[in-house]
Amino acid sequence: MSSQDTTSAPAATARRIATAWDLETTGLGKKDRIIEVGFCHIDIDTGEALFTESITVNPGIPIPRGSIRVHQITDEDVRNAPPLEHMWGFIRRHLSGDAVRDRGFDHVAVVTHNGRMFDEPFLIR
């Protein structure tokens, strides 16, 4: 797991935070699997990215070369990563806003690009 934290402590006034999230996968098909989940927590008023976290996930299948060209994540990168079913707590913590509230911020939104058409179906399979 990697993370980048640019915050020290919340300001005296509550900051309103949106959580943006994204997935990387082995491909676009129904049999493809998640290989990375990333979150970026953004101050809505300033646009500042406060902290990011991502995890790699072992998909249990080889990552096709075409997919590697898109995201540069290889079989070696995920070989020792946990399977998705072990990462639900981490994912839920971010999507629910707990990761933001734990740092003293107000969580107000979850956003994603193409989430309804691509990312969400991967999570609910």
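Phenylalanine 118 counts as buried, at 19% relative accessibility; buried means under 20% relative accessible area, exposed over 50% and partly exposed in between, with a 1.4 Å probe and protein chains only. Phenylalanine 122 is buried too, with a relative accessible area of 5%. Both lie in helix α5, 4 residues apart, about one turn of the helix. Helices (H or I, at least four residues) and strands (E, at least two) are DSSP runs, numbered from the N terminus.

This is a predicted model: local features need pLDDT of at least 70, side-chain atom pairs count only at pLDDT 80 or more, and totals for chains, interfaces and linings use all residues. Residues are numbered from 1 along each chain as its sequence is written, and side-chain values use heavy atoms, leaving out hydrogens and water.

## Aromatic pairs

The structure holds 2 aromatic pairs. Rings of Phe, Tyr and Trp (its six-membered ring) pair if their centres lie within 6.5 Å; planes under 30 degrees apart count as stacked, over 60 as edge-to-face and the rest as tilted. Phenylalanine 39 and phenylalanine 90 form an edge-to-face pair, 5.8 Å centre to centre, with 65 degrees between the planes. This pair links distant parts of the chain: phenylalanine 39 is in strand β3 and phenylalanine 90 in helix α3, 51 residues apart. Phenylalanine 39 is buried, at 3% relative accessible area. Phenylalanine 90 counts as buried at 11%.

Phenylalanine 118 and phenylalanine 122 form a tilted pair. Their centres are 4.9 Å apart, with 55 degrees between the planes.

## Helix α3

Helix α3 spans residues 88-95, and its buried residues are Phe90, Ile91 and His94. Seen down the axis of α3, these fall within an arc of 95 degrees, so they line one face of the helix. The arc is that of the directions from the helix axis to the C-beta atoms. Glycine 97 follows α3; its phi is positive, near 95 degrees.

## Nonpolar cores

A nonpolar core is a set of buried Ala, Val, Leu, Ile, Met, Phe, Trp, Tyr and Cys residues joined through side-chain atoms within 4.5 Å. The largest has 14 residues; Phe39, Phe90 and Ile91 are among those with the most contacts inside it. β2, β3, α3 and α5 each give two or more residues to this core. Apart from it lies another core, of 5 residues, including Leu50 and Phe51.
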